[in-house]
Amino acid sequence: MDPGLYLRSVALGTPVVQHRLSVGLRRHALIWLAWTAAGLFYFTQDFAPRLYRNESVPWRNVLVGWMAAMYICAAFTPAILWFGRRCPVGQGRRWRWVALHYACSAAFSIVSTSIEAPVLMALGVFPPLTRTRSFADAVSALLVYSFHGGVVRYWAVVGLQAVIRSRNQARQRENEALRLQADSSELAARLSAAQLSALKAQLQPHFLFNTLGATMSLIRQYKNQQAETITGRLSDLLRLTLEDVDAQEVPLWRELDFLRVYLSIEQVRFENRLRVGIAADPDTSDALVPHMVLQPILENAVRHGLGQSEQSVCIRVQASRIGKDLMLTVTDDGPGSPSGGFEGKGIGLRNTRDRLQCLYGLAGALIAENLNPRGVRVTITLPFHFGRAGDSECD
């Protein structure tokens, strides 16, 4: 192996090794600290009643005895934790592993007591009644007092490990659920954006084909000057469209500029038969509206108003703020809808309704109605805002 490559691999691995060592040292320090706290707890539990009864308390022997027992438990704790990871309580073969842990807890209590007895004898703190006995007698005597405590301490370690493992698993499931929720929200946003783009793309060729069809009609009627004017203004309209091709929302003033260019084309076609008025409250000019939201409404008004009557038609566009909403109104004095209904009236209204629902949910609405004695009014309502609208609600 190349020595340079080996040195680089060692250098790259050093932080990982150091991190593992640091984690291991902290874990062992925490284990010994916990058993020290347990030893002090048992010491005070043993010491306090004797002091209350005014008995002579060999506090040094009591303290050393309990701390020796606890530190023996601390030495076995890593092995208990390892076995607990291999055979976790509450998972998999639960009853088989619980029985196995019961057997191990008994074995742990016997082994730890067998180690504790000679340690206490060597330290000279073994209970006086058993000081002169043999090692077997000392272990037997200590087991009588310590066996159940050893079993409890084993299960305390296993139980605490199970609680921590359960908490970590719950946290992992929560993080996974949050990640899936975030992925779902991102996917929904992408699908919504794709649907909005598809709806907008549906509008763009729609008005383009209609305008080109009108231009061809003028050419066939030998109205070349008018056709050239329409072609020039159509190029301006396409330029404005391409500048905002990726935008779902634009300021109202820009939408009205786009609308004026479009209406200038229609006025070339219909000359004096088409009269238009646009009025917007000053505080609404920077409010955001869906791009090309008014153009299909105006196109319907022109086509149905002038196409079904030889009379002139006046179209008025108004924008005003009402509370937290922006209201856009398009009114014409044409013949109106003969059937009195506007559901399914071509791409324009249907497409606009779908876009409003995608962008604003229930806060966006389009209402079309006949006026008395004649005319049509289309009212678009959407949240008044300057920044980005809320999350799209397209399914």
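Analyst: Thr352 lies in helix α8, which covers residues 346–360; helices here are DSSP runs of H or I with at least four residues, strands are runs of E with at least two, and both are numbered from the N terminus. The model is predicted, so that local features need pLDDT of at least 70 and side-chain atom pairs count only at pLDDT 80 or more, while totals for chains, interfaces and linings use all residues. Residues are numbered from 1 along each chain as its sequence is written, and side-chain values use heavy atoms, with hydrogens and water left out.

With a relative accessible area of 2%, Thr352 is buried, a word that stands for under 20%, whereas exposed stands for over 50% and partly exposed for the range in between, with a 1.4 Å probe and protein chains only. Leaving aside residues up to four places away in sequence, Thr352 touches Val293, Pro296, Ile297, Leu366 and Ile380, where contact means heavy atoms within 4.5 Å.

Pro296 and Ile297 fall within helix α7, residues 295–307; Leu366 falls within strand β6, residues 365–370; and Ile380 falls within strand β7, residues 376–383. Helix α7 in turn lies across β2, β4, β5, β6 and β7, and runs at about 150° to β4; such angles run from 0 to 180 degrees between N-to-C directions, with axes taken as lines fitted to C-alpha atoms, for helices over the stretch in contact.

The sheet itself is open and has five strands in the order β2-β4-β5-β7-β6, with mixed pairing; two strands pair if DSSP finds at least two bridges between them. Its edge strands are β2 (274–280) and β6 (365–370), each of which pairs on one side only. On average, and ignoring direction, neighbouring strands of the sheet are turned by 10° against each other.

Within that order, β4 (residues 313–322) and β5 (residues 325–332) run antiparallel and are joined by eight bridges. Ala319 stands opposite Leu328 in β5, and Ser320 has Met327 in β5 as its bridge partner. Two residues lie between the strands of this β4 and β5 hairpin, in which Gly323 takes a positive phi near 65°. Strand β5 is also joined by eight bridges to β7, again antiparallel, with Val330 standing opposite Val378 in β7. Beside these pairings, Arg321 lies over the face of Phe384, at 4.0 Å from the ring centre; a charge sits over a ring if NZ of Lys or CZ of Arg is within 6 Å of the ring centre and within 35 degrees of the ring normal.

Which strands does helix α6 touch as it packs on the sheet? Helix α6, residues 252–270, touches β2, β4 and β5, and its direction makes about 170° with that of β2. Just after α6, Glu271 takes a positive phi of about 50°.

A further reference point is Leu238, placed in helix α5, residues 224–243. At 32% relative accessibility, Leu238 counts as partly exposed, and its C-alpha atom is separated by 9.6 Å from that of Phe258, which is 20 residues apart from it along the chain.

For the chain as a whole, there are eight helices and seven strands, and 37% of the 395 residues count as buried. Among contacts between residues at least 6 apart in sequence, 73% join residues at least 24 apart.
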